[in-house]
Amino acid sequence: MSLSDFYLLCFLVGFSLSVLSFLAGAVNIHLPFHIHLPFHGAHHAGGFSGGHGHGGVSLKAAAGKSASGQGHMSWFNASTILAFLAWFGGVGYILTKHSHFMGTAILGFALLAGLFAGTAVFQFMVRVVKATSTPMLDWDYRVEGTVGTVSMSIRENGTGEVIFEQNGARKSTGARSEDGTSLPKGTEVVIARYDDGIAYVKRWDEFTK
């Protein structure tokens, strides 16, 4: 294998697998085979891995958990390595065919091009992860002050059920009236406190008076 063939092979592998991964993620293509790339970063480097049931191909970014609980990403993941291969091979092949540089100089230019492409992809992935990962605050788990609706009638000094939304998810929990009065199904209420899995509620109209 000549040097130009080596560069061409690197380009074809990096470019084709990058396109395959993009198509699999964008249009949910399922292939009859799966490919594993054993790249490891801080926790687990992403790679092409097929689903066990469908044999789908997907590209996963390398992500881990730091000691503080915040996610971080390793440079050595499938996306950056494939970008490096594609640019390394492409630039190396073009220079071997259309330049008069020596082999060492071509290798240097190809390495620089690959590192530049890999770093650019890595920086893009880091920005995407930062933009989409919002840390959960303690208040996000609290239900006090949430407006809900009685879904199962609450009898006097008894227990019923209330439904409400929290962080975009519909939830339900056992509920009692804060003052012990009965509340019929469909009553709009506010959760005044939450204790031992039971929401103590008040009528919403009591807060609007």
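## Basis of the model

This is a predicted model, in which local features need pLDDT of at least 70 and side-chain atom pairs count only at pLDDT 80 or more, while totals for chains, interfaces and linings use all residues. Residues are numbered from 1 along each chain as its sequence is written, and side-chain values use heavy atoms, with hydrogens and water left out.

## Overall architecture

The secondary structure comprises 4 helices and 9 strands. Helices (H or I, at least four residues) and strands (E, at least two) are DSSP runs, numbered from the N terminus. Along the sequence these elements follow the pattern α-β-β-β-β-α-α-β-β-β-β-β-α.

Contact is defined as heavy atoms within 4.5 Å. Among contacts between residues at least 6 apart in sequence, 50% join residues at least 24 apart.

## Helix H2

Helix H2 covers residues 78–98, a run of 21 residues. From its first C-alpha to its last, H2 reaches 30 Å, close to the 30 Å expected at 1.5 Å a residue; the expected span is 1.5 Å times one less than the number of residues.

At the start of H2, a side-chain oxygen of Asn77 comes to within 3.1 Å of the backbone nitrogen of Ser79.

## The barrel

A barrel is closed by 5 strands in the order S5-S6-S7-S9-S8, with mixed pairing. The average twist from one strand to the next is 55 degrees, where axes are lines fitted to C-alpha atoms (for helices over the stretch in contact) and angles run from 0 to 180 degrees between N-to-C directions. Two strands are taken to pair if DSSP finds at least two bridges between them.

Strand S5 (residues 147–152) pairs with S8 in the antiparallel sense over 3 bridges, and Val147 has Val190 in S8 as its bridge partner. Strand S7 (residues 169–177) runs parallel to S9, to which 4 bridges join it; here Gly174 stands opposite Ile198 in S9. S8 and S9 are antiparallel and share 6 bridges, with Arg193 opposite Tyr200 in S9.

## Nonpolar cores

A nonpolar core is a set of buried Ala, Val, Leu, Ile, Met, Phe, Trp, Tyr and Cys residues joined through side-chain atoms within 4.5 Å. The largest has 11 residues: Val143, Val150, Ile154, Val162, Phe164, Ala175, Leu183, Val189, Ile191, Ala199 and Val201. At least two residues of this core come from each of strand S6 (160–166), strand S8 (188–195) and strand S9 (198–203). Apart from it lies another core of 7 residues, including Cys10, Phe84, Leu95 and Ala110.

Val189 belongs to the largest core. Not counting residues up to four places away in sequence, Val189 touches Thr146, Val147, Gly148, Thr149, Val150, Val162, Leu183, Val201, Lys202, Arg203 and Trp204.

Gln166, in strand S6, counts as buried because its relative accessibility is 8%. Its side chain makes a polar contact of 2.7 Å with the side chain of Lys171.

Arg176 lies in strand S7 and counts as partly exposed, at 35% relative accessibility. A polar contact of 2.8 Å joins its side chain to that of Thr159. Leaving aside neighbours within four places in sequence, Arg176 is in contact with Ile154, Gly158, Thr159, Ile198, Ala199, Tyr200 and Val201. Arg176 and Tyr200 are 24 residues apart in sequence, yet their C-alpha atoms are 4.9 Å apart in space.

## Loop residues with positive phi

Asn157 is a residue other than glycine with a positive phi, near 55 degrees. Asn157 is placed in the loop between S5 and S6, and it counts as exposed because its relative accessibility is 65%.

S8 and S9 form a hairpin with 2 residues between them. In this turn, Asp196 has a positive phi of about 55 degrees although it is not a glycine. With a relative accessibility of 73%, Asp196 also counts as exposed.

Terms used:
Polar contact = N/O pair within 3.5 Å; in protein donor to acceptor, adjacent residues only side chain to side chain. Buried < 20%, exposed > 50% of the residue type's maximum accessible area, 1.4 Å probe, protein only.
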